[in-house]
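This briefing goes through one protein model by topic. Please keep the sequence and the 3D view open while reading.

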Amino acid sequence: GGSATGAPSLGGRSASDVGSVNSARFGSPEGAKKSGQAPEGKKKRSDIDGAKPKKDEGKKPKQAIPAIATDGTPYAELAKLKDVPIEQQPELFCKKLRLCCELYDFRLAEASLPEKEGKRQTLVELVEFVSMSSGRCALGENEMRQVVNVVGANAFRTLVKRERLANDPIDGDEEEPLLEPAWPHLELVYELLLRTISPKDIDIGVAQIALDKTFVQKLLELIDSDDPREREILKTIVSKIHSKISSLRSFIRRTIQNLCLQAAMDAEVHNGLSELLEIMSRIISGFTTPLKDESREVLHKVLIPLHKVEWLGMFHTQLLECTKKFTEKEPRLASDVVEALLKCWPFSISSKQLLFISEIEDLIFLMPVADVQRLQVQLARRLAICVSYPNSDVAEKALMLWKSDKFTKLLMSSCREQFPEIISALYDNATQHWQGGVHTRTFDVLKVLMQKDPELFDACSAKHRKRVEECERQDLIREQRWAKLQEMHDRKMTAAAAGWAQNDKGSMVVEATVGGPSPRRDRSEMMSPRRDSAPSTAARSPPMSPDKTETPRTSTGAPYGSSASPGGSWRINSQRYGACVSWDQGDTKVDVSLQVLAVTGAGRIVGAIHEENRSSAPTLLHSPDGRPALAGLRGRCSGLTWLNLDAAPEEISVLVLVVCASGGGKLADAAACAVHIVEEATDVEIVSLPLEQARADVGVVASIKRSPQGWDLCRVGDFAKTGRHFMDILEPCIGKVVREALPTMSKKQKLALAFFRLQDGGVVCLPTPSVCKWFFVGLSWDISPTVTNSDRAALNVTAIYFDQQGQLLGACSPSNASAPGARHSGDGSLSQGVILDLAAAPADMAQIFVVGHFSNERLAALDGIQRPHCCLIDPMGSELLRYGLSRRSQMDRGFLAGRIYKREYGCRGSHGNNNGASTGSTCRWFFQALNQPCTGDTWEASVEEAQRVFKTPPDALLDVPEALLNAAHCVVSL
């Protein structure tokens, strides 16, 4: 359909028809809800405009939809274009275009209804004005630029795609498309652009200036939209630009090639690939013959690689059309396509095999006979596999090829040498395939081949019978060899059984003399002894006197309370275990701490238990006051750390146990220091690991690694020369232990910190300034599609300094970009933060709060910030930690994201002193995840809320999961 001036319109309707239908969509709540679900064109214009429809027999007249008043809107203040003189029309035309750059949220049905209706009516007026005026006067450069600006403001956006499962593109079961909610306005904007560039007398020079390469590239990227209506009109617009502006033709072709190549390399589905290939098909039609090398590259480097994608069925029709046009212009290219299809055959995707077979059927007739003979080996082998394929659809599709006389004659004349392979596959198919329909078609094909060339068929049948006889002879020889091997094995086992029986008679005599039998060892265990050093319950135990009882043992097979030397290991079941350190106080006061690290198979530390952090859900939980009731427990105890192995995520492969001295003493000052591992009942000890003559202050005492049978506890005993915390001995001490426990980890790979499972209140120990000179801490987020260009702002991130008494020292904010030891990153559309150098921070600084505030109230009310999260990045660009932030209510204007505080590590009872005072060489910096909302609009208004949190101990802010807490309560009272 076209307008009176020759400009095409959408669906054969005028601009007023399009606008009226769109008005019905958002003019009422019901219509607004349907705007994103049902395609347009379902209502008559008489029904929408309010005119009384004609009454049909037996039908009631439809009710008219009430019009929406636009009085008081900016659109109603401007006069109609037809009511002003011609010389004033360009200026008024530009004013209306600038008004149409304003965006409205169509997800809210009742919001801004007068403004939406006013913008729709204005767009309808602009489309009609361009259609009527294009025949007698062309638009100027200024007007053309304004039209481009309107398209950019309304159409250029971040596309929201429907979530697809991994097998959705392969299955081909397409669901309802995700329609664009703002289509009532977006359709008219596209119609305006289309009618602007459609007239035959368009000024090409003006169009080249306004429609630059950047604009055309963004239009092509929008073809990836989920809305099929948008893809269709964009295809028409790009085709029109390609035909009108010759200077952009090569750029459009190269851009389409890049988008197709990107789709071939990426795993993500591209929705508009079929439309892009339709445009490419029109471009290929214009190629001159003989083809240039540049044109052939389109086939070899773009179209052929597209056959590799899993979702080929979504665009195969258009892709086949493009390849056929190439082969029609140069027939020898058909062999290149067929050869590529045979090389990249989709063995595991039956739906793609059907498409490949259809494409080969279409292209093989365009190939020269010499090329068919050159590919006869690959072609015959692939056809033989397909006719006997287990999938009945593939087998029937391959058998249907032989119904074509042209195909049969071509294969029998060009592939005579490889034809016996096809005949053998058909014979095997007739007797072995599981589907009855395939049997019937196989016999039909054999009958056709026998009638076409009886001589060739008889020769191939004779070769097949000879091959079958040879296979049967080989099977007989194989069975005879296996029978001989079985006979040799039986003779050997009979002799061995006789020897075992004789040895058992002698051992029974010895057992009778010492007072009782001992458990008999399994024969399989005697032949395959376990290499692990763990004790085995099945091993023969020494003889015991009748008046003595057997020593009790745990489920691991080790005696309760046993100790081990370095290198020893035990197999433990997947359940909960407790770990603690006990010692006696000597002449020098010393505190001993047990730290537990959770390490993934990739060598990343994702969880840690230490004195500042007592929970790492869902695996680790520390009870400072826990004390097992063990007979060998010393006077001092570090508290119980519970290891919930049942709930450990699959990614966690190793748990590392680190012992360190803190509080000013040394491990050598702790008398009779030992690590105790207990089962769920606190009076049952699995093993005791004594720390004898430990001259260092920190070291790895044990590791628990995951195995196919469960978990293995290994004694390590590797102590570092310097350090007092696990952060001081990451490399090479802890890294060496982890690399030995994980064979898949490279010997040169180092441990990395990746605390991505932080819960609210979780604490992370930061690297010392000597190791990490500075780090970046800030917030990142996504922008909601509802945010307009005028609202496009972000969260303002600020670092607030407090001294030891909780008094404000200063802040590093966007307005104050530089502060002692800090530098602001500046405004960012998706992230913002502060670069901190803790070594250069003021000496009296005790805590740093990281806060973020919405830049304006409208952004907060619209939920314009989506998925905000806090992160900390080291100078190498690696994320040390990351956790999400959440708003509790609409009254929240920002977040208290986290705080950084310093404390003398390991000082017992330091949790009560939360002012950050610290002295001595063991002062460390910690980061605590807060995720608490704040109501202040700026960081100055949030100082009081930060000061209240300043006075709260870190332990009081830790949110221990209920499931983990209950699991610990069943074994110890916290």
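Strands E24 and E25 form a hairpin with five residues between them, and glycine 877 in the turn has a positive phi of about 85°. The model is a predicted one, in which local features need pLDDT of at least 70 and side-chain atom pairs count only at pLDDT 80 or more, while totals for chains, interfaces and linings use all residues. Residues are numbered from 1 along each chain as its sequence is written, and side-chain values use heavy atoms, with hydrogens and water left out.

**Overall content**

- The protein has 31 helices and 27 strands; these are DSSP runs numbered from the N terminus, with helices (H or I) of at least four residues and strands (E) of at least two.
- Of its 974 residues, 50% count as buried, where buried means under 20% relative accessible area, exposed means over 50% and partly exposed lies in between (1.4 Å probe, protein chains only).
- Among contacts between residues at least 6 apart in sequence, 72% join residues at least 24 apart; a contact means heavy atoms within 4.5 Å.

- Strand E24 covers residues 865-873 and strand E25 covers residues 879-884; the two pair in the antiparallel sense over five bridges. Two strands count as paired if DSSP finds at least two bridges between them.
- Within this pairing, histidine 869 stands opposite glycine 884 in E25.
- Histidine 869 is also among the residues touched by serine 780, along with Leu830, Ser831, Arg867, Pro868 and Cys871, when residues up to four places away in sequence are not counted.
- Serine 780 itself lies in strand E17 (residues 775-783) and counts as buried because its relative accessibility is 15%.

**The seven-stranded sheet**

- An open sheet of seven strands runs in the order E2-E14-E13-E10-E4-E5-E15, with mixed pairing.
- Strand E2 (569-572) and strand E15 (752-753) are the edge strands, each pairing on one side only.
- Strand E13 (residues 698-707) pairs with strand E14 (residues 710-719) in the antiparallel sense over eight bridges. Alanine 702 stands opposite arginine 715 in E14.
- Helix H27 (residues 730-741) packs on the sheet, where it touches strand E4 (591-600), strand E5 (604-609), strand E10 (652-662), E13, E14 and E15.
- The direction of H27 makes about 25° with that of E13; axes are lines fitted to C-alpha atoms, for helices over the stretch in contact, and angles run from 0 to 180 degrees between N-to-C directions.

**The second largest pocket**

- About 540 Å³ of space lies in the second largest pocket. On a 1 Å grid over the protein atoms alone, a pocket is an open set of points where a 1.4 Å probe fits, with protein on both sides within 12 Å along at least five of seven lines. Grid points are joined across faces, edges and corners, and the volume is the space filled by probe spheres set on the points.
- The pocket is lined by 20 residues, of which Leu730, Leu751, Leu753, Val771 and Asp874 are the closest to its centre; lining residues have an atom within 4 Å of a point.
- H27, E15 and E25 each supply at least two residues of this lining.

**Salt bridges**

- The structure holds 37 salt bridges, each a side-chain nitrogen of Lys or Arg within 4 Å of a carboxyl oxygen of Asp or Glu.
- Lysine 95 and glutamate 91 meet in one of them at 3.9 Å, N to O. Both lie in helix H5 (residues 89-99), four residues apart, about one turn of the helix.
- Lysine 235 forms a salt bridge with glutamate 232, the closest N and O atoms being 2.9 Å apart. Lysine 235 counts as buried at 6% relative accessibility, whereas glutamate 232 is partly exposed at 39%.
- Aspartate 475 and arginine 478 meet at 2.7 Å, N to O; in helix H25 (residues 454-514) they are three residues apart, about one helical turn.
- Asp293, Arg296, Glu330 and Arg332 are linked in a network of salt bridges.

**Tryptophan 402**

- Tryptophan 402 is found in the loop between helix H21 (392-400) and helix H22 (405-414), and is buried with a relative accessible area of 3%.
- Tryptophan 402 and valine 445 are 43 residues apart in sequence and 6.5 Å apart in space, C-alpha to C-alpha.
- Residues touched by tryptophan 402 include Leu383, Phe407, Phe419, Val445 and Leu449, not counting residues up to four places away in sequence.
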